[in-house]
Amino acid sequence: MGYPLARTGKFTSEKLFVRYSGPLYTALRTGTGSEPSNPAAVIPHGQGIRIDRGITIQRSAAELYEFWRNFENLPCFMKHLEAVTVMDIKHSTWRAKAPLGQHVSWNAELTVDEPNTRIAWRSVEPMDIPNAGTVQFKELPSGRGTTVEVTLEYNPPVGMLGALVARLLGEEPGIQVEDDLRRFKQLMETGEIATNVGRQ
Amino acid sequence: MKALCWHGKNDVRVDTVPDPEIINSRDIIVRITSTAICGSDLHIYNGFIPMMQTGDVLGHEFMGEVVETGRAITNLVKGDRVVIPFTIACGNCFFCKKEFYSCCDNSNPNASIADKLYGFSSSGLFGYSHLYGGYAGGQAQYARVPFADVGAFKVPDGLPDEKVLFLTDIFPTGYMAAENCGIEPGDTVAIWGCGPVGLFAIKSTFLLGAERVIAIDRVPERLQMAQNAGAEILNYEQTSVLEELKAQTGGMGPDRCIDAVGMEAHGHSPDHVMDKAMQLARLGTDRPHVFREAIMACRKAGTVPLPGVYGGG
């Protein structure tokens with residue numbers, strides 16, 4: 001259901017985290033690794049972790065864009081986000097759970113806002129962990145829904161070692177993003193997130 | 001409440017467990033009035049289904065009375081008598097919209113694990129291990145039913161439980177097998193397995209216009225029920241199925257061959273002995289003896305529907 005986005009580029013650390021499972025897919029992209037908006041500016045080239053994942057949702061690009069654009073909605077389906085507070089049209093504060101019961105937080109600014117098409121953001125000082133993200137919405141023909149493609153980049157607090165430790169503890173970021181996208185799909189298509197556990 | 005819980009291979013017990021609760025707004029809680037055991041429960045009982053945990057509540061064929069509804073439920077009220085299908089379906093995804101409810105994208109919270117095993121996850125299921133969502137099943141006094149606005153259907157007054165309980169699973173399963181045949185006038189349909197699915201497949205096949213049905217089993221009571229349903233019968237312990245099917249169809253073979261047996265097929269042929277050995281050595285989960293036979297028996301350009309359950313190993 002969710003898919004890794006394949007592309008040529010120099011993000012060697014990506015290979016550690018590529019997953020191909022269910023309807024999460026790898027989209028082919030041509031060109032170099034850098035996005036036009038250069039979200040990698042906050043992370044030195046060749047460093048850090050980059051995750052690309054996508055999914056198809058039976059909703060219009062406009063509906064999906066509108067929900068995502070209000071960053072305060074993101075913790076509804078991004079399990080490791082505790083809260084996002086929007087300060088003004090460009091700035092927000094994010095707080096997330098990290099492995100081993102820690103927390104990280106950062107301020108972010110919006111760098112791209114193309115309605116119904118693309119949103120990009122990156123962390124600004126003060127930040128526990130440099131990171132940047134992009135989400136693109138593309139409607140498919142013949143009422144087949146909208147693909148949502150997410151790219152996240154971040155520099156873990158203690159470099160590559162931090163990410164490896166996180167992976168060992170079962171907090172592998174690629175899987176987290178896949179599960180987040182799955183929950184986003186459930187929320188947007190059904191109005192709720194499927195669960196079998198007790199009280200929510 | 002009391003519920004039938006899995007405790008390991010060949011070990012199920014009635015335990016006292018917490019009552020289910022409304023969690024999501026499209027849930028209902030059902031007080032169960034009738035529940036059945038399915039042939040595929042035996043795969044769980046015999047230890048062939050992975051991702052079972054001690055204490056899991058079994059059962060996916062149940063019906064009863066609505067005792068509580070989530071905020072978003074408008075089509076059902078407390079007191080309604082409902083049948084609950086085996087599959088849990090959201091009604092909104094690509095597959096549900098095409099009425100492929102057992103392929104729902106959104107009802108399995110453990111879809112990421114099922115994806116890795118099967119390529120793509122099916123819908124969530126009641127009482128069928130954590131691979132299919134870990135939902136508590138219906139061999140219990142109460143059950144939580146997600147997406148009840150899609151799945152639960154009201155029973156018309158005057159129909160007792162015994163007349164509608166099979167709509168939970170085995171009647172639609174048998175019916176879908178018959179539908180998948182693509183029956184044409186004059187067709188002969190061979191059906192392996194005269195358990196509940198096979199029997200409903202026999203009835204459905206006639207409903208959909210088959211000329212003849214030949215049913216295959218070895219248990220005398222089951223063969224008798226198949227005959228009562230209008231089928232000609234073959235006992236595979238007394239005769240060669242492949243030879244008989246050819247002889248009884250003028251050398252052509254049946255037009256449609258339904259495998260209503262699945263992975264725990266029983267037989268005596270060399271390929272079956274190999275299947276059993278591999279299964280014991282856990283080299284493969286399936287014993288597809290019947291499937292192989294159905295393919296061989298079926299006429300050229302025929303159809304082989306598979307309602308029988310396979311693990312995929």
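**Cores, cysteines and the A–B interface**

The largest nonpolar core in this predicted model has 35 residues, a core being a set of buried Ala, Val, Leu, Ile, Met, Phe, Trp, Tyr and Cys residues joined through side-chain atoms within 4.5 Å. Buried here means under 20% relative accessible area, with exposed set at over 50% and partly exposed in between (1.4 Å probe, protein chains only). The residues with the most contacts inside this core are A:Trp68, A:Phe71, A:Trp94, A:Ile119, A:Phe137, A:Val148 and A:Phe184. Leaving aside residues up to four places away in sequence, A:Val148 touches A:Tyr3, A:Arg53, A:Gly54, A:Ile55, A:Ile57, A:Leu64, A:Trp68, A:Val135, A:Gln136, A:Phe137, A:Leu181 and A:Phe184, contact meaning heavy atoms within 4.5 Å.

Residues are numbered from 1 along each chain as its sequence is written, chains are lettered from A in the order in which they are written, and side-chain values use heavy atoms, with hydrogens and water left out.

On to the cysteines. A search of the whole structure turns up zero disulfides over all chains, the cut-off being a pair of cysteine sulfur atoms within 2.5 Å. For B:Cys257, the closest cysteine sulfur is that of B:Cys298, and at 4.0 Å it is too far for a bond. B:Cys257 counts as buried, at 0% relative accessibility, and B:Cys298 does too, at 12%.

As for the interface, 23 residues of chain A are in contact with 27 residues of chain B. The two chains bury about 2,000 Å² between them, with carbon and sulfur atoms giving 48%; this is the accessible area (1.4 Å probe) that two parts lose on being put together, summed over both. In chain A, A:Thr190, A:Glu192 and A:Asn196 lose the most area to chain B, together 27% of what that side buries.

Two salt bridges are counted between chain A and chain B, each needing a side-chain nitrogen of Lys or Arg within 4 Å of a carboxyl oxygen of Asp or Glu. A:Lys185 forms a salt bridge with B:Asp105, their closest N and O atoms 3.0 Å apart.

Definitions and conventions: Predicted model: local features only at pLDDT ≥ 70, side-chain atom pairs only at ≥ 80, totals over all residues.
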